[in-house]
Amino acid sequence: MRLSSRAEAASESATLRLSAVAARLRAGGREVLSLLEGEPDLPAPSKVLEATRRALSRGLTRYSDAAGLPELRALISRKLATRNGIAAAPEDILVTNGAKQALYDALQTICGPGDEVLIPSPYWVSFPESVRLAGAKPVFVATRAHQLDVDAVARAVTPRTRAIIINSPNNPTGAVYPAAALRALARLAARRDLLIVSDEAYEDFAYDGAAHLSVAALGAARRTITIQTFSKSYSMTGFRVGFLAAPPEIARAARRLHGHITGNVCTFAQHGAIAALGLGRGELERRRAVYQKRRDLAYALASRGFDCVKPRGGLFVFADARRHLGGHIKDAEGLAEHLLHKAGVSVVPGSACGMEGFLRFSFTSPEPVLREAFARIEAAL
Ligand SMILES: Cc1ncc(COP(=O)(O)O)c(C=O)c1O
């Protein structure tokens with residue numbers, strides 16, 4: 001059958017493919033431990049669940065405002081102002097099916113054929129595909145010790161460059177970009193007329209006193225699309241509620257597209273998100289502290305067999321595995337397959353994130369699972 005060139009060209013998400021292999025092994029009776037997904041294992045807050053159930057019992061199951069419930073957008077606007085230092089009116093906010101759709105909407109709105117979009121590498125697997133789905137070309141820019149290298153970004157800018165996608169705290173590296181780098185990027189963006197797409201999915205997972213900062217609050221407000229989500233901060237991955245906040249002209253256009261792509265995000269899930277925003281910092285701090293402890297453990301265990309930079313944020317340790325390559329294991333993908341079949345542990349090969357020779361270990365599992373998984377990995381190497 002003839003399919004579109006777009007569908008033919010889209011590569012399968014490596015994380016989804018490896019999770020499917022792990023699921024097949026599990027179905028065959030194998031116990032597979034997962035260090036694969038960036039999905040927080042803590043339950044969603046009980047107040048979020050209650051609010052969602054209440055919305056269902058009140059019959060709030062119909063279409064609603066395609067841009068997002070006005071009450072939710074008002075709360076997001078306040079949250080952006082108080083926690084992130086971003087001034088965004090409710091009409092400049094678009095509620096989306098997770099950060100993933102916010103990214104899709106943003107790129108469909110700002111770029112197309114002939115445009116280039118810069119992506120610091122390594123990167124989250126969906127960035128390049130989302131750029132390609134908009135018809136534009138992803139251009140990868142090397143990072144330095146996992147940090148944003150603004151000089152390298154400047155060198156990669158051409159007359160065709162439309163935007164740059166940044167992600168701090170970073171998936172897969174755990175890097176948290178400091179204010180100086182974000183300010184330098186904001187200045188470069190102004191000089192070269194670039195837009196910035198800032199994926200802040202892990203904003204509430206910064207460790208050791210590192211602070212998550214939004215580039216929109218550091219001089220790039222008029223050219224930044226900020227993307228955030230309820231998925232990670234509140235363990236609401238299945239709710240599919242995220243959002244973007246953008247300058248008015250972009251927000252208006254994104255809203256028009258979004259109305260055709262999906263219409264409103266699940267109405268009762270948005271009521272869960274409203275409850276989440278009522279929870280305050282205590283809930284977020286408790287969750288952050290759990291993952292900081294897990295980060296400590298995963299980093300210590302991973303460092304026994306791999307060279308790792310300590311992640312200052314996010315939910316992953318990104319490990320240099322090159323000393324284990326050679327012989328019958330040629331690359332990171334081969335090593336990930338080996339660990340899956342020999343050790344029964346699923347991990348993401350760095351090649352899926354644009355960095356050969358590395359593995360990404362998620363630390364979203366409880367401590368006993370982390371200990372067992374790394375013991376198995378050590379035995380299999
Ligand atoms: C950097 C990054 N952005 C966005 C997402 C997707 O988040 P959501 O569940 O809100 O679509 C993820 C999830 O893995 C991610 O790692």
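This is a predicted model: local features need pLDDT of at least 70, side-chain atom pairs count only at pLDDT 80 or more; totals for chains, interfaces and linings use all residues.
By class, how many nonpolar, polar and charged residues does the lining of the second largest pocket have? There are 9 nonpolar, 5 polar and 4 charged residues in that lining, where Ala, Val, Leu, Ile, Met, Phe, Trp, Tyr, Cys and Pro count as nonpolar, Asp, Glu, Lys and Arg as charged, and the others, Gly among them, as polar.

Residues are numbered from 1 along each chain as its sequence is written, and side-chain values use heavy atoms, with hydrogens and water left out.

A pocket here is an open set of points on a 1 Å grid over the protein atoms alone, where a 1.4 Å probe fits, with protein on both sides within 12 Å along at least five of seven lines; lining residues have an atom within 4 Å of a point. Volume is the space filled by probe spheres set on the points, which are joined across faces, edges and corners.

| Pocket | Volume | Lining |
|---|---|---|
| Largest pocket | about 550 Å³ | 26 residues |
| Second largest pocket | about 360 Å³ | 18 residues |

Nearest the centre of the largest pocket lie G38, K100, W124, Y202 and K232. Because domain 1 (5-43 + 282-380) and domain 2 (62-279) both give residues to its lining, the largest pocket lies between them; the domain bounds come from an automatic or database domain assignment.

In the second largest pocket, S11, S13, V125, S126 and E129 lie nearest the centre. The largest share of its lining, 6 residues, comes from α6, helices being DSSP runs (H or I, at least four residues) numbered from the N terminus.

Key
Helices (H or I, at least four residues) and strands (E, at least two) are DSSP runs, numbered from the N terminus.
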